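Please look through the sequence and the model below before reading on. The explanation then leads from the whole chain to its parts.

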Amino acid sequence: MATIELGRYELEDLPPVCVQCGAAATEVKVERFTWTPQWAQFTVFLGLLPWFIFVALTQQKATVHLPMCDEHFRRRPLIGQLVWVGVAIGAALIGVGLCIDENLNLPSSMYLSMAGFATLVVTLLVVLFGSDGSVRATHITRSTITLDRVSEEFVDAVQHGFEPSEVAQELADTPPNGMELQTAKYLRRR
Ligand SMILES: [Zn+2]
């Protein structure tokens, strides 16, 4: 895996090489990246309001048209699913805790609500600091975006130019099913 700095002018016209595995890209995933300086993220420990203000003031955004192979285009980021699970469990615990408190007036219901709140906080931290190996932005400025965990092949294609003739040649060398070639290429790279 590699890192690359892209100018904003090139974000919508990247070479057709999968950003994750380097295979020939067949799809384009439009992804909106946001980046906030780490010090601004850590203000979450001062409270939600300062965190919100600092993040709003310092956050940078960039939309990138990421070229991807079929497989990576379809794969959903694991962290996105985990976050929803975390939010659901946290909200359910708080809800149940509050219900028991209302109806039965048990002091122990407070612990349920506290556990729910803790789950939400952990989920928030995972969103802020966690990562699942997919492409992420490590720095965004007004003119550039730095992407981490991209494939070496993608970096190479961006920096040295992508030559469609190479792919055309490979396709010409392989009879008669193009899909088989792509799969074989993908398996070789693993
Ligand atoms: Zn791929």
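This is a predicted model: local features need pLDDT of at least 70, side-chain atom pairs count only at pLDDT 80 or more; totals for chains, interfaces and linings use all residues.

Residues are numbered from 1 along each chain as its sequence is written.

The chain holds 8 helices and 5 strands; helices (H or I, at least four residues) and strands (E, at least two) are DSSP runs, numbered from the N terminus. Read from the N terminus on, the elements follow the order β-β-α-α-β-α-α-α-β-β-α-α-α. Of the 190 residues of the chain, 16% count as buried, a term for residues with 20 or more other C-beta atoms within 10 Å of their own, C-beta atoms being placed from the backbone.

An open sheet is formed by 3 strands in the order β1-β5-β4, with antiparallel pairing. Two strands pair if DSSP finds at least two bridges between them. The edge strands, each pairing on one side only, are β1 (2-7) and β4 (136-140). From one strand to the next, the twist averages 25°; axes are lines fitted to C-alpha atoms, for helices over the stretch in contact, and angles run from 0 to 180 degrees between N-to-C directions.

Strand β5 (residues 144-150) pairs with β1 in the antiparallel sense over 5 bridges. In β5, V150 is the bridge partner of A2. Helix α6 (residues 152-160) lies across β1 and β5 and runs at about 35° to β1; contact means that the C-beta atoms of two residues, placed from the backbone, lie within 7 Å.

Terms used
A residue is buried if 20 or more other C-beta atoms lie within 10 Å of its own, exposed if 12 or fewer, and partly exposed in between; C-beta atoms are placed from the backbone.
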